[in-house]
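Subject: Structure handover

Hello,

I am passing a structure on to you, together with notes on what was found in it. Please have it open while you read.

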Amino acid sequence: MTVPSRLARVVAALVVAAAVLVVPARAPVAAAAGDGLQLSTAATYQVSPSARVVHVTIDVTAKNTKPNRVSGGIVTRYFYDGARLAIHPEARNVAAREGSNRLATATKDSEGYDLLDVRFHSSVFFGETAHVRVTYDLPSGAPRSSSAIRVGTAFVTFTAWAFGDRASVRVTLPSSFDAETTGSTATKTTSGGSTVFRATNITDVGSWYLVVTADRKNALTNDRIDLVGGEHLVIRAWPEDDEWSARVRDLLTRGLPELAEQTGLDWPVDGDINVFEVHTPLLEGYAGQFFVGENRIEISEDLDDLTIIHEASHAWFNNALFLSRWINEGLADMYAAETLRQIGQGDLQPDRISPTDPGAVRLDAWIHPGRITDDATEQQERYGYEASWTVIRSIFVEVGSVQMRHVLSAAEHHQIAYQGVGEPEVIETTNDWHRLLDLVDEIGRSKGADELFRRWVLSPDNAATLDARGAARTAYAGLVSAGGQWRPPFYVREPMSSWQFDVATNRITEATALLAKRDELAKVAGSLGLTPPTALRDAYQTAKDSLDPAKAIATSELAAANALTVATAAVAAPRAPFVTIGLIGETPEASLAAARDAFTSGASDAEARALAVTALIDGAVAVGRGRATAVTAGIGVATLLLIVALLLLYRRRRRRLALAGSGAVWGPRLDELADVAAPLDPGSAEAAGYVTLADPAAEGLEASEPPEPTALVDPVATPDDHGDAPLTQEA
């Protein structure tokens with residue numbers, strides 16, 4: 001791809017040969033009544049690179065076709081004693097001969113050509129012919145001179161003309177040159193070490209021309225530049241132009257490292273870049289061209305510092321970075337000017353222009369014309385360059401060089417402009433003006449880029465999209481603000497980047513609602529003195545295709561936090577007796593602490609743990625009541641067993657006494673007990689509250705079957721429904 005660059009300081013017009021003029025000379029007897037001198041010419045252009053000149057030879061056959069006139073016995077004879085030709089204005093050493101006779105010549109300047117008058121050796125009458133050879137040289141113009149002729153050992157260019165009424169042209173140059181022509185048609189042959197272009201039977205002499213261009217690249221200079229940043233360039237200059245070679249070498253040696261520093265981008269070209277010196281008109285109105293993919297730069301012989309650095313900057317600023325022509329040209333001008341300022345080569349700025357200037361065009365519609373051939377094209381091209389530079393420079397001045405480096409880096413790596421957490425995503429969106437605006441707004445933090453684009457860049461249709469974009473960006477800014485440290489997810493950022501603003505707005509609303517849940521969760525957790533787990537934040541920030549997983553986490557964590565709130569209140573509440581009894585052997589405080597830890601760690605069972613704590617407290621009443629009932633029943637059974645044990649003990653005692661006395665008795669009679677004055681033995685059955693039975697024989701009982709003991713026990717009081725009545729038992 002060719003990237004034409006800055007306009008030439010003087011736009012070169014298309015070279016067109018001037019029309020050949022043939023004017024009959026005045027006869028001594030009578031003036032010529034018309035154009036009766038017919039000129040046939042054969043022109044030869046011999047290129048001599050070593051002499052830096054083109055030798056021109058024109059063989060002219062002049063025939064008088066003006067017949068004599070007889071009137072009233074008087075014969076008027078018309079004759080010509082000379083002819084006039086239009087020759088190159090650069091012609092030097094002009095001479096004319098007729099046979100061995102040298103002819104008198106005179107030249108006169110005219111607009112775009114010289115008029116050459118040639119005096120015949122003798123007058124030419126009707127039917128007669130004069131054979132004249134005109135010769136002159138076309139010397140090479142010096143580099144950067146106004147001459148359109150360049151003849152050197154490495155480069156040749158000039159324009160061949162035809163002469164007379166009917167003509168042929170022959171151009172000869174060494175075959176070691178790679179030669180081509182533009183303009184009129186000519187055949188090309190190579191023979192005997194020469195390349196020859198021929199055209200014959202030319203009748204439209206006034207409009208015929210042939211621009212000859214020839215290169216011999218192995219004769220160009222081969223001056224290498226190898227810089228520490230990996231930049232490798234070869235200066236290919238005309239051997240005769242030391243000034244151009246030295247200037248280009250100096251500027252690139254000092255400027256390229258600074259240019260790389262300003263852009264912040266690595267040198268993007270593998271291998272050598274060849275920098276060729278080119279004759280200015282061959283660039284068709286431009287000052288330079290960068291051939292992407294060919295590692296070739298062509299720079300006008302005109303020594304323009306901005307152009308030299310500008311062309312080198314196209315190593316970065318081409319379609320590989322941005323597709324829009326105006327962006328790459330604006331960046332190239334901006335960074336070339338900044339580089340020159342940094343190395344002390346002046347402070348260049350764009351010319352002042354207005355969107356109402358002649359040639360004004362919206363930059364998104366500024367396309368390459370191919371070549372500059374008229375004033376309208378030249379005005380539009382000049383406006384396009386200056387407007388592009390104006391826009392990019394305004395952004396650069398506002399955001400600063402550091403932020404612009406970040407913008408260019410993101411563009412180079414195709415990173416999304418709307419950045420979230422972690423490394424920016426790589427997107428497939430084309431790097432065009434949409435991307436540039438997003439990048440300078442989001443990464444560069446520009447506040448004025450949108451207005452610049454409206455004023456200089458966008459057509460009305462494209463400008464209308466900025467309204468929808470503005471509304472979406474306002475909503476997006478609100479989301480960013482609401483999120484705080486939580487960066488928006490790719491789920492939202494991707495449609496913003498691809499300019500799908502309806503989709504983006506809906507997703508922003510969805511994300512905002514989720515952040516509201518996050519805030520509610522934080523409030524509940526804060527009241528508990530807890531920090532919410534990180535799972536929700538991670539799910540939100542990394543959401544790509546949906547926020548549903550994050551919503552599920554928010555719902556779960558909020559439910560867990562609410563359950564913890566209830567559990568915390570239950571554990572802290574005063575406990576009734578049955579609750580206390582029911583919690584014997586339980587540690588609800590420890591269970592609550594475990595539930596809190598589960599919540600802060602994001603465990604999936606946090607809610608279940610909190611609910612279990614509340615359930616434990618709530619169930620303690622029933623557990624306590626059951627335990628109390630079981631205790632009461634247990635006391636009754638124990639008492640009964642105690643009575644049985646005492647009766648058995650009493651029986652054994654009576655049996656021992658019976659064995660020791662004359663009669664077997666179980667114990668003293670009831671009426672005898674009153675006479676017993678001794679205090680009761682604390683370990684006796686009497687002291688235990690049991691009644692001693694009478695002699696079984698006296699009561700009609702068998703001595704071997706003692707009666708069942710009787711326990712005097714009051715009924716147990718029943719607690720009320722709340723478990724608040726005291727538990728009492730009397731014996």
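The notes below go through strands, a helix pair and salt bridges.

Please keep in mind that this is a predicted model.

Strands

Strand β2 (residues 37-48) has two pairings to look at. With strand β3 (residues 53-64), β2 pairs in the antiparallel sense over twelve bridges. Leucine 37 has asparagine 64 in β3 as its bridge partner. The two strands make a hairpin with four residues between them. In that turn, arginine 52 has a positive phi of about 60°. The other pairing joins β2 to strand β14 (residues 166-174), in the parallel sense and over seven bridges. Here threonine 44 stands opposite arginine 170 in β14. In general, strands of a sheet pair through backbone hydrogen bonds, in either the parallel or the antiparallel sense.

There is also an open sheet of three strands, in the order β6-β10-β9, with antiparallel pairing. Its edges are β6 (79-87) and β9 (105-110); each has a single partner strand, so one side of each is left without a neighbour in the sheet. Direction ignored, neighbouring strands in this sheet are turned by 25° against each other on average. Between β9 and strand β10 (residues 113-125), which run antiparallel, there are six bridges. Alanine 106 stands opposite aspartate 117 in β10.

A helix pair

Helix α6 (residues 433-442) packs against helix α7 (residues 449-457) at an angle of about 150°, and their axes are 10 Å apart. Angles over 145 degrees count as roughly antiparallel, and α6 and α7 are therefore roughly antiparallel to each other. On the α6 side the contact involves Trp433, Leu436, Leu437, Val440 and Asp441, which meet Ala449, Asp450 and Phe453 in α7. Sorted by class, this contact has six nonpolar residues, two charged ones and no polar ones. Asp441 and Asp450 also belong to a network of salt bridges that links them with Asp438 and Arg469.

Salt bridges

How many salt bridges does the structure hold? The count is 28.

Arginine 144 and glutamate 243 meet through their side chains in a salt bridge, 3.3 Å from N to O. This pair links distant parts of the chain, 99 residues apart: arginine 144 is in the loop between β11 (129-139) and β12 (150-151), and glutamate 243 is in helix α1 (residues 242-263). Arginine 144 is partly exposed, at a relative accessible area of 26%, whereas glutamate 243 is exposed, at 51%.

Arginine 493 forms a salt bridge with glutamate 425, and their closest N and O atoms are 2.8 Å apart. Distant parts of the chain are linked here too, with 68 residues separating arginine 493 in helix α9 (residues 490-497) from glutamate 425 in the loop between α5 (401-412) and α6. Are these two buried or exposed? Buried means under 20% relative accessible area. Arginine 493 has 1% relative accessibility and so counts as buried. Glutamate 425, with 18% relative accessibility, counts as buried as well.

Lysine 551 forms a salt bridge with aspartate 548, with 3.9 Å between the closest N and O atoms. Both residues lie in helix α12 (residues 548-572), three residues apart, which is about one turn of the helix. Lysine 551 counts as partly exposed at 31% relative accessibility, and aspartate 548 is partly exposed with a relative accessible area of 46%.

Regards

How values were computed: Residues numbered from 1 in each chain as written. Predicted model: local features only at pLDDT ≥ 70, side-chain atom pairs only at ≥ 80, totals over all residues. Heavy atoms only, no water. Axes fitted to C-alpha atoms, helices over the stretch in contact; angles between N-to-C directions. Parallel < 35°, antiparallel > 145°, perpendicular 65-115°, else oblique. Contact = heavy atoms within 4.5 Å. Nonpolar A, V, L, I, M, F, W, Y, C, P; charged D, E, K, R; others polar. Pairing = 2+ DSSP bridges. Salt bridge = Lys/Arg side-chain N within 4 Å of Asp/Glu carboxyl O. Buried < 20%, exposed > 50% of the residue type's maximum accessible area, 1.4 Å probe, protein only.
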